[in-house]
Every structure is written in C-alpha cells, then in structure tokens.
Amino acid sequence: MAHPVREEEAGVHTCFTTPDGYISIIVLNLAFNREYNRVKMPKVKAEKKSRQHQEVKNQGIMFNTGIGQHILKNPLVVNGIIEKAALRPTDVVLEVGPGTGNMTVKLLEKAKKVVACELDGRLVAELQKRVQCTPMQTKLQILVGDVLKTDLPFFDVCVANLPYQISSPFVFKLLLHRPFFRCAVLMFQREFAMRLVAKPGDKLYCRLSINTQLLARVDHLMKVGKNNFRPPPKVESSVVRIEPKNPPPPVNFQEWDGLVRIAFVRKNKTLNAAFKSTAVEQLLEKNYRIHCSVHNVEVPADFSISKKIESVLQQADFSEKRARSMDIDDFMVLLHAFNSAGIHFS
C-alpha cells in the first residue's frame, strides 16, 4: 500500500511511494536540510565591542602609528603610572603625548596643573572636548607641536607615553632642562628601557646607559604588554622612573660625552685600540693644538698625538680596559687624565 510523503523545506515534492521508499526520501531530505543550513546560514560573529575609545571610534579618528600614536587603554596601567609618580596637590605636571586624555583626566584630579604637549590637532580637539565645561578645564594647558622643538615650561613631574622614535633625544632634553624637576615616569620600548638601566658588564650596557646614569637615578618600574595599547605596537613596553641628580655631577657634559662616544663605538675593544682610529686622532690633535694656542704652550715639531694618547692611557692604567665593563668613576678618572694632559673632547 502506498503512503503519502510530506513536503519538506529542502524542496522534496509530495509523492506516494512504498514504506521503504518513504523512509529513504525522508532520510535523504533531512540530510539535505542539515547540509543546506550548514553552508547557507553560517553563524554571524558578534562584533567585538571595546570598552575604551568607543566614542573616538564612532567619530572616525584613525590613530597614526607612523608618529607613534599608540593610546594606552588599560586603566590599571594608567593608575599604576600615576601612583609611581607620587603626585602632590601643588604639582605642575608635564604630559607628553596625551592622546585622547585617558591619563590626562586622572592627572588633573591629582595635580594643580597639567601642561599637555600634543602634535596631532585632532587629538588636541578631543582632549579639549573631554574637559570642556568641567572644573578640570582651567587646570589644563595644551601645547600644540613637536615636544623636541618646544621650549619646556617649569614643571615638577613629567609623565609620558612617548612616541618611541623620540625616546633618546627626549630623555636628554629632559635631563638638561633647567630648573630641575623632581622626577619623570616614562613609557618606553622594552629594549630601550633596559638599556637605560643596564650596568657595566650587561649585554645592553652602552653609551645611553652611562650618560643617563651620570645625570640621573634610573629605575625600571613595570613591564607593559602590547595589548594594553590601541592600536597595539609591534614591541613590548616598560615604564621607567628618572630622577635627575641635583646638584649635577661636576663635569662638562660635552667633554664627557665626547670621551664616552669614542669608547663605546666598539665597546668590546680595548681603549688602546679604540683611540687608534684616524678620525679620533685627527680630532684630538686639532683640539690639543687649540688648547696649546690658548694657553701659550709651544707644540714640539715632532709631536705625535698617537704617542700622547698612548702615554695617557698607560699612566692611568686604562690601555687594556674595555668600555663594556667601565663604570662612571672609571670614565671620570680617564677624562681627568686626558684633560690634565691638554687633550679635550669638545
């Protein structure tokens, strides 16, 4: 006896067939429906919603990573940085790279005044909107432009999530700034931060390390993963605290840096080898002759700068020493030895 078959969603037509055939058609039809649903109706993933910067995203601001725009979005990291800065209610704070103001608004709650230096006019507008018609508006001053080309105002504390490409020049702009500030809490690329705190004998110990540590106390505070930023940078980051030495060490920094520069060109070479470069000898001979001329000292006709340098290194017992293992005191002694012999580096 024939049995009717129901019309199914997959398009099998109503028909009459035997019980065996009926069962076969239904099984085939159900299998077809499962395949149809799997291929034609994929699950739609819910859009990932960010708790941070939603308003900025809606307004269509695209961050420019080419100038180092990586906005710190994790409030725990922001709070940690501000805590390490140990702000006082009377402090004037310099913030470099305020971005959309995540850290700025928290600084304004703690400090007397915040001077924010920002290059991007779009972000300046966002920052102004964020404090507009609030009690914080009168406490915020915005400097628009490149911080390296800007005359820095007086400040007590500097807090910055820096564009990483200006890290080195900005550190030395800070350390040579007068009047002295109390401290700076700065975000750097991880490797750069580790160079700042490296000690003699460390793999990363370099000219940057010893120059910074000559002028300041430097401490590594925390590591910050790339996912704490929007958009995330390609490298990991670290936060460093810098406290300038006040009073500064009794040394001419240009002289000091000239010596350190020569020594660290090849930090694994002995100093005797480092000073045998033709360019180095020409520079030091020129400086020596200027020094002699100023002080009315006659230069012998058979004068040899290479022998003079070798003599200074031997007498100070530095011929076989290497820059990689020399500390600040070692370079102080060596600089004094060269200067006493009339050899200068600036």
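On this tour, contact means heavy atoms within 4.5 Å. Helices (H or I, at least four residues) are DSSP runs, numbered from the N terminus. What you have on screen is a predicted model, where local features need pLDDT of at least 70, side-chain atom pairs count only at pLDDT 80 or more, and totals for chains, interfaces and linings use all residues. Residues are numbered from 1 along each chain as its sequence is written, and side-chain values use heavy atoms, with hydrogens and water left out.

**Stop one: helix 12.** Select residues 305–315. Color I305, I309, V312 and L313, the buried residues of this helix (buried is under 20% relative accessible area, exposed over 50%, with a 1.4 Å probe and protein chains only). They sit on the same side of helix 12, because they cover an arc of only 95° around the axis (the arc is that of the directions from the helix axis to the C-beta atoms). Now show helix 10 (271–274), helix 11 (278–294) and helix 13 (328–340): the buried residues of helix 12 pack against these. Just after the helix, click D317, which takes a positive phi of about 60°.

**Stop two: F275.** Leaving aside neighbours within four places in sequence, F275 is in contact with L259, I262, V280, E281, L284, I309, L313, F338 and F345. F275 is also among the residues with the most contacts inside the largest nonpolar core, along with C158, F331 and F338; that core has 65 residues (a nonpolar core is a set of buried Ala, Val, Leu, Ile, Met, Phe, Trp, Tyr and Cys residues joined through side-chain atoms within 4.5 Å). Helix 9 (residues 253–264) supplies the largest share of this core, seven residues.

**Stop three: V280.** Look for V280 in helix 11. Its relative accessibility is 12%, so V280 counts as buried. Draw a C-alpha to C-alpha distance from V280 to F345: 9.6 Å in space, 65 residues apart in sequence.

**Last stop: the cavity.** Which residues line the largest cavity? Select N272, F275, K276, E281, S306, I309, E310 and L313. A cavity here is a set of points on a 1 Å grid over the protein atoms alone where a 1.4 Å probe fits but cannot get out, and lining residues have an atom within 4 Å of a point. Helix 12 gives the most to this lining, with four residues.

Notes: On a 1 Å grid over the protein atoms alone, a cavity is a set of points where a 1.4 Å probe fits but cannot get out, and a pocket is an open set with protein on both sides within 12 Å along at least five of seven lines; lining residues have an atom within 4 Å of a point. Helices (H or I, at least four residues) and strands (E, at least two) are DSSP runs, numbered from the N terminus.
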